[in-house]
Amino acid sequence: MIRLLFFVALVLVLGFGFSWLADRPGDLSIVWQDRRIEMSLMTAVTAMVSLVAAFMISWWLIRTIWLSPRLVSRYFRANKRDRGYQALSTGLLAAGAGDAMMARKMNKRSRGLLSADQEPLIHLLDVQTALIEGRNDDARKQFEALAEDPETRLLGLRGLYLEAQRQGATEAAHHYAEKAAELAPHLPWAGAAALSFRTQEGKWDEALRLLDQQRQAGTLEAAEADRKKAVLLTARARDRLDADPLRARDDALAALKITPGFAPAAVIATKALLRNDNLRKAARILETAWKANPHPEIADAYVRARVGDTAADRLKRAERLEKLKPLTAQAYDAVARAALEARRFDLARQKAEASARLLPCEGIYLLLADIEEAETGDEGRVRHWLSQALRAPRDPAWTADGYVSETWEPVSPVTGKLGAFEWKVPVEQLAGPRYDADVAEKSFDRAMASLPPVREVPEPAAPARPVVHPEPAAPVEGASAETVTVIAPEAPVGALADPVADALAPVARIDDVPHPMPTPIADADPVLETEAAADAAKADNKIAAIVDDKTGPSASEGTAAEPAKANGDDTIAAATAAKPDPQSEPEAKLDPEEEARAKEAAFLTHRPDDPGVDEDAEPEKPGRFRLF
């Protein structure tokens with residue numbers, strides 16, 4: 001384009017010059033060797049221009065003829081090079097597409113047209129062809145040859161690193177990545193691999209130095225570099241906490257300065273300060289971190305910061321957190337747990353319900369179950385909250401690449417990635433529809449609506465003292481055959497019973513000993529009651545038959561057994577008549593609402609295959625409900 005413009009400009013200038021001379025005619029006289037030559041000015045100028053053009057054309061022809069052999073060889077060499085690069089390009093495309101046959105063919109053609117020493121891409125095509133054909137040993141040897149050449153050293157190191165990773169040679173991959181990172185810290189793959197290996201080995205100082213080099217080279221963005229630096233500083237502070245609390249404190253504070261609200265850094269800084277008896281600064285750091293990020297670990301560290309505090313003191317500190325960050329589920333949860341330890345059940349229930357309304361999850365329902373057991377001991381209501389916990393979403397936890405950890409870790413155990421752990425709800429469902437996905441917000445309201453009322457447990461009546469009939473003694477010669485029935489006197493009011501004497505007292509019949517009645521269950525099934533009564537009657541008859549066989553009348557007793565039996569029957573009848581008949585008493589009429597509540601309580605506390613709830617069993621300790 002520039003040449004064309006120059007040519008047009010030259011023609012315009014010549015045309016303008018000749019027109020200017022034509023408008024101003026003149027003559028030109030030349031005297032040379034006694035000769036006088038006269039001509040017009042236009043003719044003289046035209047002759048001069050023609051002479052210059054002829055000279056230039058002659059020079060071009062002479063130069064072209066002189067340089068023609070070189071130009072011809074250059075033409076053929078350029079043509080060969082173009083065909084070689086075309087074959088190389090086609091071979092690389094075939095290798096990328098996985099066509100081993102075409103890649104091998106183009107590799108041979110490019111080697112014939114191009115020099116392998118002058119074009120390193122031929123070696124790359126050869127390596128790619130070997131990898132596609134499965135000749136890994138040949139590919140590794142070629143990568144080693146590339147690593148020896150300064151021009152292709154980084155390419156060879158990357159190929160060796162990938163081959164080492166494919167074969168599972170971690171140490172070799174580490175060596176190649178470290179070497180590449182030293183030569184070129186700006187390489188993303190080399191920096192990321194070297195950083196991953198250093199963090200897995202716990203070399204935090206070297207990892208921080210490499211991270212600074214990557215940031216200066218522009219490999220990482222500023223936000224990503226700051227996040228990784230905070231993770232590395234926190235990890236180093238955690239390792240230094242036992243040996244050097246002061247340096248651990250400095251590292252944790254530096255991490256908090258980079259990322260305020262990072263819970264692991266705040267907790268580690270607090271532990272380091274508490275070891276130096278600096279409670280006020282530790283509390284201030286936790287409060288600042290809580291405002292930025294209300295985290296359960298920050299709340300637990302703040303509530304239990306001072307050793308020796310009572311449950312009431314811990315409750316006050318939890319309420320302080322609620323004032324700093326009100327209307328959050330984490331603040332309500334912290335206050336509820338502290339109130340449960342302080343035996344403030346009303347406050348604990350109120351805060352737990354508020355937290356469940358904001359963020360229903362498994363842990364808050366388990367906390368409600370603990371509160372219910374500690375306050376009322378109603379197993380029906382406790383089972384209700386446990387069933388809600390089974391259906392509720394899981395609690396947030398430290399999660400990285402599908403792995404759930406109880407504590408924060410700087411490196412993922414699955415992939416080795418730095419800073420992979422996040423505080424979030426673990427993934428439970430990978431695919432498939434969720435038909436109840438839109439009812440999570442109203443789950444707590446439904447749980448409160450279906451909560452059974454508190455079951456009232458009646459006080460057990462005191463058992464009546466049994467009437468004891470001693471066995472008839474053997475008849476003595478000369479004594480009368482009459483049998484005397486001895487009735488144990490009633491114990492005076494306020495006297496203590498003697499279990500040894502009661503155990504050694506003789507018993508005439510098993511029916512005379514009253515059995516302890518179980519706690520009645522409201523509105524039990526009449527069919528089940530009839531079956532239970534029939535089974536009890538059969539068991540009593542069998543026991544009575546065994547007792548009668550062992551204490552039956554002997555041949556020597558003669559006719560004395562019949563009066564004794566008659567007297568015994570009279571005594572039993574008198575004792576039976578003295579007992580109140582529960583069926584003869586008039587039944588109290590229940591209110592329909594109370595009757596419905598009693599039926600619901602019976603349904604929750606009794607099953608057909610369950611003998612019932614033992615009311616005399618000792619209550620278990622609170623906090624035992626843990627599903628996972």
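Two strands pair if DSSP finds at least two bridges between them. Strand 3 (residues 397–400) and strand 4 pair in the antiparallel sense, over three bridges. The model is predicted. This briefing covers a sheet, a helix and some aromatic pairs.

**The sheet**

- Three strands make up an open sheet, in the order 4-3-5.
- The pairing in this sheet is antiparallel.
- Strand 4 (403–405) and strand 5 (422–424) are the edge strands, and each pairs on one side only.
- From one strand to the next, the twist averages 45 degrees.
- Thr399 has Val404 as its bridge partner in strand 4.

**Helix 9**

- Helix 9 covers residues 204–217, which makes 14 residues.
- At 1.5 Å a residue, helix 9 should span 20 Å.
- Which residues of helix 9 are buried? They are Trp204, Ala207, Leu208, Leu210, Leu211 and Gln214.
- Seen down the axis of helix 9, these buried residues fall within an arc of 165 degrees, so they line one face of the helix.

**Aromatic pairs**

- How many aromatic pairs does the structure hold? There are six.
- One of them joins Tyr75 and Phe76: the ring centres are 5.4 Å apart and the planes lie at 70 degrees, so the pair is edge-to-face. The cut-off for edge-to-face is over 60 degrees between planes.
- Tyr75 is exposed, with a relative accessible area of 54%.
- Phe76 is also exposed, with a relative accessible area of 54%. Residues count as exposed over 50%.
- Tyr365 and Trp385 form a stacked pair, with 6.0 Å centre to centre and 25 degrees between the planes. Planes under 30 degrees apart count as stacked.
- This pair links distant parts of the chain: Tyr365 is in helix 18 (residues 362–375) and Trp385 in helix 19 (residues 379–391), 20 residues apart.
- Are Tyr365 and Trp385 buried or exposed? Both are buried.

Note on methods: Residues are numbered from 1 along each chain as its sequence is written. This is a predicted model: local features need pLDDT of at least 70, side-chain atom pairs count only at pLDDT 80 or more; totals for chains, interfaces and linings use all residues. Side-chain values use heavy atoms; hydrogens and water are left out. Helices (H or I, at least four residues) and strands (E, at least two) are DSSP runs, numbered from the N terminus. The expected span of a helix is 1.5 Å times one less than its number of residues. Buried means under 20% relative accessible area, exposed over 50%, partly exposed in between (1.4 Å probe, protein chains only). The arc is that of the directions from the helix axis to the C-beta atoms. Axes are lines fitted to C-alpha atoms, for helices over the stretch in contact, and angles run from 0 to 180 degrees between N-to-C directions. Rings of Phe, Tyr and Trp (its six-membered ring) pair if their centres lie within 6.5 Å; planes under 30 degrees apart count as stacked, over 60 as edge-to-face and the rest as tilted.
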